[in-house]
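Colleague: I'm new to this one. Could you walk me through it?

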Amino acid sequence: MNETLLTILEVIFMPVVAFVIGLFMVLMMRKLAARLQRRVGPPLMQPFYDVIKLYGKQTQISHGLIHDIGIIMAVGGYVAAESLLPVPGMDGIADKGGIVMLAYLTMIPSLGLALGVGQCANPNGSIGISRALTSMLAYDIPYIIVIFGVAYHFGSTNLIDIIDTQQAGGVATWGISEMPVLAIAGLFALHASLGKQPFEIYIAPAEIATGPMVEMGGKYLGGLFVMQSFQLYTASVLYVSLFLGGGENWITFLLKCFAVLAIPIIIAYLFPRYRTEDLVRLVWKWPVMLALIGVAFVMT
Amino acid sequence: MNFLDGLLILSLLSVIVTGFAQKLRSAGWLSSVLLGLQCLLLMGMAGLAYGSPAVSSSFSVSVLGQPLHWQFNALSWFFALITLASALASSVYAAGAWGEDYRLQGGNPGLLQFALNLNVFAMLLLLASGDLLSLFVGWELVSWASLLMMVLAGGAAGRFGLRYIVYATAGAMAVMTGLVMIFQLTGSFQFADFAAIAPSLSNAQVVTFTLLFVFGFGVKMGLLPFHLWQADAYAETPGPGAAFLGAISSRMGLFAMLILVIQLIGLGRLINIEVPYSFFSLRDVLMWVAAFTIIFPTFTAMRQNDARLLLAWHGIGQGGYMLMGLLMVNPLGSAGGLMHVFNYASYQAVLFLVVTAVIYRTRTADLNQLGGLVTRMPLSFLMMLICIIGLAGIPPMNGFVSKWLIYRSLIVEGMPLLFVASVVGTLGTILSVYKLIHNTFLGQLRLEHEQIREVPWSMMIPMLILSAVVFITGFLPGIVLDWVASAQAALGIPVLEHTLGGVESPSGNLDMIWICSVLFGGFAVGALVFYSGNKSRRVHQLDNYAGGHFLTADDRYHYSNNFYAGLMHHIGHWYRGTFQWLESSLGSAISLLSAATQMLFNSFHPALFLLLAATLSLLFFAG
Amino acid sequence: MRNLTALLFSGGLAFLLMVIAWQFTLGDAPMLIGAAILDNAVKEVGAANLVTSVVLGYRGIDTLGEIAILFTAATATSMVLGSFAMTDEASETEQREDGSILGSSVRLFFPLLLTLGLYIIVHGHLTPGGGFQGGVILAGAFFLPLLAIPGRSINHGGIALVEGFSGAAFILIGLTALFSGQAFLQPLFEHGVIGHLFSAGSLPLLYIAVGLKVGAELSGLLANLAGISSHAAEAEK
Amino acid sequence: MNPIEMNPVALQWLLYFGAMGLIVIGIAGVVLHQNIFRMVLALAIAEAGGNLLLVIAGFRFGAVAPILQDDALQTLNTSNMVDPVPQAMVLTSIVIGVGIQALALALIIRIHQRYGTLNMREVHACMMVDINKSAAVDDLLSAQQPRGRRPLPSPPESTAKRANNE
Amino acid sequence: MNSIVLNIALPLLVAFLLPLIHASSRIAARITGPLVLMVMMWSAVIVFKALEYPVSIALGGFLPPVGVSFHLDQLALLMATIIPLLMLLLWPYQYEQNLREQTVLLLLAAASSGLALSGDLFNIYVFYELISVASFGLAAANRQASSFAAAFRYLLISGLGTVLALTGIALIYTQTGTLNLAQLGLLSSRLDNPLGLSAFALILLGIGVKAEIFPLNGWVAEVYSTASTRTSALLAGLVSKLAVLAIVRILVVAYDDSEAGLMLLVFGVLGIIWGEFSAWRAQDLKRMFAYSSIGQLGMILLAFSIPGEAGMFAGIAMMLHHLVVKPALFLLTEKWNHGTDSLRGAARLSPLAAALFVLFALSLIGVPPLPGFWAKMLLMSGLVGMDTSVYYIALAVLMIATVVEAQYLIRIAVTLYSASDRSSELRLASNTGVMSLFAVVLLSALLTLTPLGSKLYHIAAESSNRALYIRTTFNVNPTPVLEHKNATQEASL
């Protein structure tokens with residue numbers, strides 16, 4: 001019973017941590033972008049201010065209940081997903097789910113967003129969702145191949161086991177050193193899943209007026225902002241857990257997370273955007289090939 | 001007189017009663033009551049699902065010296081439960097307001113109920129079959145009973161039904177050949193006799209039997225490449241009938257295949273047979289067939305513009321998961337496959353019923369003619385949402401659990417490509433079900449649909465109950481897994497160790513109770529955060545950002561046609577219609593052949609062929 | 001093309017049949033039943049004409065079938081050509097004689113042919129000939145006037161009477177044997193002295209029945225064919 | 001020359017090959033001719049061949065006809081007679097042939113009256129037209145007609161005539 | 001036992017006298033025919049019941065090898081019972097001017113009985129010819145120009161077939177010097193050579209014209225679509241079966257264990273292909289059923305080509321099934337004689353007829369538990385039991401043909417039940433009286449499947465027993481059937 005209580009506490013605490021770290025990740029993203037564009041960038045607390053500002057706006061436009069529910073699902077799905085990601089000292093309910101579960105749980109926010117946007121009846125939004133789902137179809141294929149390879153390699157889908165195995169063996173047994181090809185493919189998939197340039201086809205401000213966000217303002221946009229920070233956190237932590245041995249302690253953990261995230265962000269701000277079919281083609285070609293080669297290495 | 005006797009007799013009785021009561025106005029309710037009674041009798045045998053020994057009927061028939069008898073074990077019970085539950089739901093649905101409406105449209109709801117009862121009876125007979133002969137009799141009855149259901153609507157339905165029966169007859173012939181071969185080997189039609197000689201069969205015989213049975217039963221399942229009949233035929237079936245057929249009819253093929261290929265021949269034999277010049281075993285080949293059955297129909301579904309067709313195509317694709325799971329040796333996979341039968345039936349029935357509800361109100365299922373109905377039919381929307389989450393295999397609905405079991409077993413067995421194939425299928429499903437719900441319920445409401453109300457309760461209640469099942473068995477998958485485990489035991493394959501919330505194994509656990517609780521906790525947090533912000537103002541749907549243009553209700557800007565334009569730009573040219581082409585080529589070939597054969601009969605000289613025949617046959621003997 | 005194929009295959013068939021024929025040796029046929037009949041016919045049937053004993057004795061049922069076929073053909077022909085027997089439309093056509101020589105000679109030949117036919121029938125069990133041969137001559141006797149005097153009607157009622165009763169007589173003789181405890185179509189009566197007119201039991205009776213039947217059938221057939229052609233000739237005018 | 005005195009091999013050639021030849025000539029005649037009356041004649045030839053073959057089956061060298069006459073009537077010696085069975089059979093089959101031919105002639109008369117032709121090809125064409133008309137289906141031949149601008153072959157004269165009359 | 005000859009003598013007698021009876025009393029002439037058929041049936045049933053073991057009766061009192069003998073076994077008597085029964089059902093009761101047709105029908109009844117009973121090669125030929133001539137007459141009885149033409153073409157093929165059959169008989173006689181089937185059986189070693197087999201081929205082709213064997217069936221569609229439906233029903237239902245039976249008798253008794261059966265197989269397979277595929281494209285019911293009966297006959301031939309009891313059992317079952325179903329289907333076309341498209345909505349006007357059509361179609365396709373299924377099952381079982389590649393090919397053809405068959409039959413069924421947009425529907429109503437009787441027969445066969453099956457099995461065992469046939473004919477030690485066959489052995493598939 002005590003254990004259950006502890007788990008519940010962890011489940012409550014983990015999303016909060018994730019939220020904070022996620023906001024800092026957003027900050028890092030903006031800072032990096034600014035540096036690359038030779039700007040100064042926002043101050044330290046800017047993401048917090050943004051969230052508070054968005055929630056505090058006077059003009060809040062709702063297109064119906066589903067519009068609201070969509071945002072709730074988007075945030076709530078990630079809140080739940082964070083409890084499946086073990087961080088140093090807290091395992092949450094990671095042993096109740098596993099990576100396959102996590103992969104599917106992270107689809108709930110997207111689905112919620114899609115529902116909310118659909119309710120807005122704005123064609124730009126719908127087009128954005130169509131593109132978002134397409135890109136999901138694109139990047140999920142290498143993504144799940146990578147997951148398969150890792151799970152097969154460690155003989156488990158339980159993230160705790162995976163992390164323990166890596167930490168027990170040191171750097172040499174980290175996923176990245178045992179499965180370098182998969183790690184590269186995973187990075188690709190991670191990048192694509194973030195929806196940043198060059199894969200930001202569903203935002204596409206110039207063509208479809210930022211796509212899904214077109215009808216979002218105030219706390220709706222705030223919800224999406226929170227969702228984005230969760231998304232950055234989830235992606236990087238998952239990558240760290242799979243390939244970089246997870247976090248031995250909070251410092252290394254955070255270092256690894258931010259480092260992992262820095263790579264796609266830097267790439268993102270150096271490249272222009274792809275067209276939808278180019279994205280699909282690219283992602284289905286190289287990362288899938290890499291991932292399959294990686295799996296072949298793992299399985300032999 | 002045990003429960004099984006009672007069930008079969010009552011079922012037969014229902015067929016007769018509904019057959020004679022067709023013209024009655026209350027035929028629908030009568031049929032529902034009868035089906036309900038059958039459900040009760042089935043519940044009387046619920047012990048089967050928790051380890052009771054198999055029940056044999058107390059009557060048997062002997063034809064040409066071959067006894068036919070019937071029995072129920074946990075597997076039959078499991079399938080019968082699904083059958084009767086979906087039949088009951090469809091029957092109640094059709095009995096109320098929908099039936100009235102159907103009558104006004106010129107249909108005969110009594111006939112529909114009769115067809116429903118006939119199908120149920122045929123299926124129960126098949127599920128209860130205790131030997132190969134009764135299996136085949138049941139099998140054929142199921143085939144023809146579902147033909148009756150399919151052609152009820154008339155018009156194009158007749159054409160599609162005809163197409164179905166061609167496939168079905170071909171399959172039946174293959175099955176019959178297999179059975180006759182077994183009979184020649186064993187001298188009887190008993191399962192036990194075949195099981196006894198199965199280990200001593202030669203590889204060639206095993207391959208022959210497997211191919212014959214997989215073809216024969218696979219036709220009904222819609223296995224590639226014999227799937228073309230299914231979507232059209234189901235889509236044209238009147239709503240509740242389509243829900244019933246879609247939910248369970250095709251699974252009869254799976255059931256029969258389970259009995260013959262997995263239980264009697266055994267997967268062990270299939271794994272040991274190598275396909276020459278490749279590194280595949282026969283089992284792998286079948287698994288790849290299942291994988292292609294997942295992918296191709298799912299992506300075909302994505303392109304459909306008719307809600308019924310979209311669902312029907314998905315039905316074919318989901319069958320692939322079941323077969324794939326069941327072909328896995330480990331208990332996870334087979335449990336996943338069996339559980340998927342249940343899960344799939346629960347949400348597919350609701351989906352068809354919701355689509356029928358939409359048709360009931362709007363008179364169309366064309367995805368380009370709908371939109372924005374969520375404000376008018378919110379409950380229907382909710383149920384469709386629950387069920388598409390199930391269909392797409394996303395937590396927390398039951399569809400996820402069974403798919404999770406299948407994925408896990410693929411990982412454990414180390415089958416990356418099949419794993420990818422099954423996940424690709426799931427992704428395709430997500431894409432297309434979003435299209436379904438978006439084009440139907442979201443987006444702009446059309447002017448002509450302003451006055452639409454939610455459907456009556458007689459239609460709503462079956463949907464509500466079934467979607468509750470979808471949710472509850474997602475939350476507590478252990479309920480179904482109990483039955484599945486008993487069914488596995490009845491099949492004689494390894495039994496899955498499970499808990500109420502899911503599975504616990506050294507290589508990864510699943511506990512849906514925790515996951516769901518946390519997920520809904522997360523939603524609560526999300527809601528808390530959301531509603532802690534400033535109160536939002538409801539605006540009219542048309543009051544939105546439209547590039548500086550003021551919209552009126554006359555502007556149709558619901559983005560529905562060619563929904564995945566970008567994706568189709570890339571993969572569109574992969575839709576070659578190869579199977580359609582193959583089918584129509586076969587049709588043309590037959591047409592050509594028959595024209596050629598008729599030319600012989602149209603020859604103006606009758607005796608020329610006699611001369612030829614005489615010469616050739618003399619050459620044959622004397623030459 | 002079709003002709004070529006036909007010729008080719010005809011050649012092939014001819015070749016194959018020749019091949020078959022080449023394997024036989026003439027006159028060396030194994031006479032199993034033939035020899036048995038030659039040995040026993042005289043004492044079993046008592047007809048001098050052994051063929052007759054086969055036709056009416058050993059294979060009497062074949063003969064019954066045969067006259068039935070003739071009868072069927074006649075019935076079918078009248079069915080095809082129309083119902084003269086029912087309505088006497090033929091009599092309406094004018095009778096005219098094609099010259100007196102023809103007419104006279106027909107009148108002269110008619111009794112001669114009749115006598116010859118009857119003689120051949122009655123002596124069927126003694127000499128070459130019999131019911132069929134005699135019957136044909138009888139038919140010829142009745143047909144001659146039709147040739148000479150086109151349009152002349154023939155007494156169809158009479159023909160029907162004769163063919164009905166003669167056929168029935170054949171069967172009744174057979175049935176008499178059956179009901180007297182013997183086999184169907186078994187020859188009745190004493191054999192008598194072989195070679196005499198009144199010998200061979202019931203065979204002469206059977207042959208008379210056959211002769212009359214054949215004569216009547218053929219007359220009917222010919223009359224029908226002649227009638228329709230003269231009818232057609234009328235129509236063309 | 002008396003056939004009995006002929007060289008047996010030559011006789012065999014003559015008889016067997018004669019019989020087979022008649023059969024083949026008859027069949028070929030039926031197949032090659034288009035005139036239905038000639039077909040019936042050819043059929044008669046073929047039947048004659050069959051009958052000849054049957055008679056030969058009972059032939060024996062040096063034997064006499066199976067009829068007891070003169071001396072034999074006294075001695076009842078049947079040992080040197082030919083087989084009487086084939087003779088009886090031939091008698092039967094000739095009569096059968098007569099019946100069939102009579103019926104065939106009757107049919108020919110009717111066909112000629114109705115269709116005005118004795119050509120099998122035209123008879124067949126007219127018959128198919130009639131059958132299709134009574135079944136109220138399109139002429140099957142129309143499906144086989146060329147689609148292009150190639151002129152259609154004119155239908156048999158009698159068909160056209162009948163079509164005009166009705 | 002001897003009284004069975006009444007089945008031949010009586011109808012012949014009455015047929016000869018019918019014109020005279022007609023002349024004296026029209027009413028008497030009308031009732032005579034049915035009366036005679038009833039007497040025939042009664043006599044056949046009496047003998048059938050009294051029959052404990054096969055019996056041979058000598059006609060004319062001359063013992064078998066020399067004289068003509070009739071072979072009375074259960075199969076022959078079964079057919080002898082069915083012939084008058086079927087004729088009674090298809091008798092032209094309601095027509096006035098059909099004296100000659102009735103005469104010909106009586107002759108046909110006599111000839112059919114004779115063919116079923118006869119045990120002599122040449123006698124079979126004679127009765128076969130009688131059937132031929134009678135069926136020419138019936139085919140032309142419609143008095144349409146097209147029926148004359150069709151009958152003539154039928155006659156031409158049949159006449160050539162006759163010549164071939166006669167040639168075959170002559171060859172056999174030259175080889176063996178006998179005509180009695182049983183004696184041929186004793187001498188079968190003399191026939192098991194190219195000559196003997198060629199003779200069989202010729203006889204097969206000759207008699208096969210009536211049996212609708214593949215290349216000789218150009219007449220089938222023409223005659224069936226020009227003759228009256230009763231005639232078509234009779235020809236397709238009865239006459240074809242009798243021809244097959246005659247072939248099978250010759251094959252079983254005189255050609256045991258030879259490759260002659262293979263020939264039956266080849267013709268059967270070709271017949272199935274040609275018949276079913278042609279039927280697939282047929283545009284009116286009459287021709288569709290005509291082609292389909294070619295296919296069905298092919299299946300029957302295929303069944304009989306399997307040596308031994310299994311083949312005989314399957315063949316008899318298929319034969320009886322087709323004998324019930326096909327006449328009934330032909331009766332449908334009496335009113336539904338137009339293109340299949342015009343049948344749209346016919347079920348609404350004559351629901352019973354449409355339902356019966358569906359019943360018969362399902363049975364024909366072989367849907368369990370209808371009798372057709374069991375017959376087809378027996379056939380497939382027999383084919384698989386041979387376990388040689390040729391028979392597997394035949395099996396594959398059978399399967400494909402069944403699919404094609406299902407397609408075209410169900411296509412009609414769907415057409416019947418689809419909604420109609422025509423107003424002139426009155427002619428679509430179809431009469432169902434006799435058809436219902438056939439349906440009753442079919443369904444009662446379904447209910448009595450087990451006793452029927454075991455009875456048929458005994459019949460098949462008896463008639464496929466060559467030694468028994470020979471012993472019976474020569475009247476050597478006549479013993480009950482059941483002592484020859486293992487009495488305890490149950491009838492089985």
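Below is a short chat about this model.

Modeller: Quick ground rules: residues are numbered from 1 along each chain as its sequence is written, and chains are lettered from A and ligands numbered from 1 in the order in which they are written. This is a predicted model, where local features need pLDDT of at least 70, side-chain atom pairs count only at pLDDT 80 or more, and totals for chains, interfaces and linings use all residues.

Colleague: What share of the residues of chain A is buried?

Modeller: A residue is buried if 20 or more other C-beta atoms, placed from the backbone, lie within 10 Å of its own. Chain A has 300 residues, and the buried share is 63%.

Colleague: Which two chains share the most contacts?

Modeller: Two residues are in contact if their C-beta atoms, placed from the backbone, lie within 7 Å. No contact joins chain A and chain C, with their closest C-alpha atoms 60 Å apart, and none joins chain A and chain D, where that gap is 44 Å. Of the 7 pairs of chains in contact, the one with the most is chains A and B.

Colleague: Is Gly171(B) buried or exposed?

Modeller: Gly171(B) sits in helix α7 (residues 156-186) of chain B. Setting aside residues up to four places away in sequence, Gly171(B) touches Phe215(B), Gly216(B), Phe217(B), Val219(B) and Lys220(B). Because 26 other C-beta atoms lie within 10 Å, Gly171(B) is buried.

Colleague: How are α3(B) and α5(B) oriented, roughly parallel or roughly antiparallel?

Modeller: Axes are lines fitted to C-alpha atoms, for helices over the stretch in contact, and angles run from 0 to 180 degrees between N-to-C directions. The axes of α3 (residues 74-95) and α5 (residues 109-127) of chain B come within 10 Å and cross at roughly 175 degrees. Angles over 145 degrees count as roughly antiparallel and those under 35 as roughly parallel, so α3(B) and α5(B) are roughly antiparallel.

Colleague: Which residues of α3(B) make the contact?

Modeller: On the α5(B) side, the residues include Pro109(B), Leu112(B) and Leu127(B). From α3(B) come Ser76(B), Phe79(B), Ala80(B), Thr83(B), Leu84(B), Ala87(B), Ser90(B), Ser91(B) and Ala94(B).

Terms used. Helices (H or I, at least four residues) and strands (E, at least two) are DSSP runs, numbered from the N terminus. A residue is buried if 20 or more other C-beta atoms lie within 10 Å of its own, exposed if 12 or fewer, and partly exposed in between; C-beta atoms are placed from the backbone. Angles under 35 degrees count as roughly parallel, over 145 as roughly antiparallel, 65 to 115 as roughly perpendicular and the rest as oblique.
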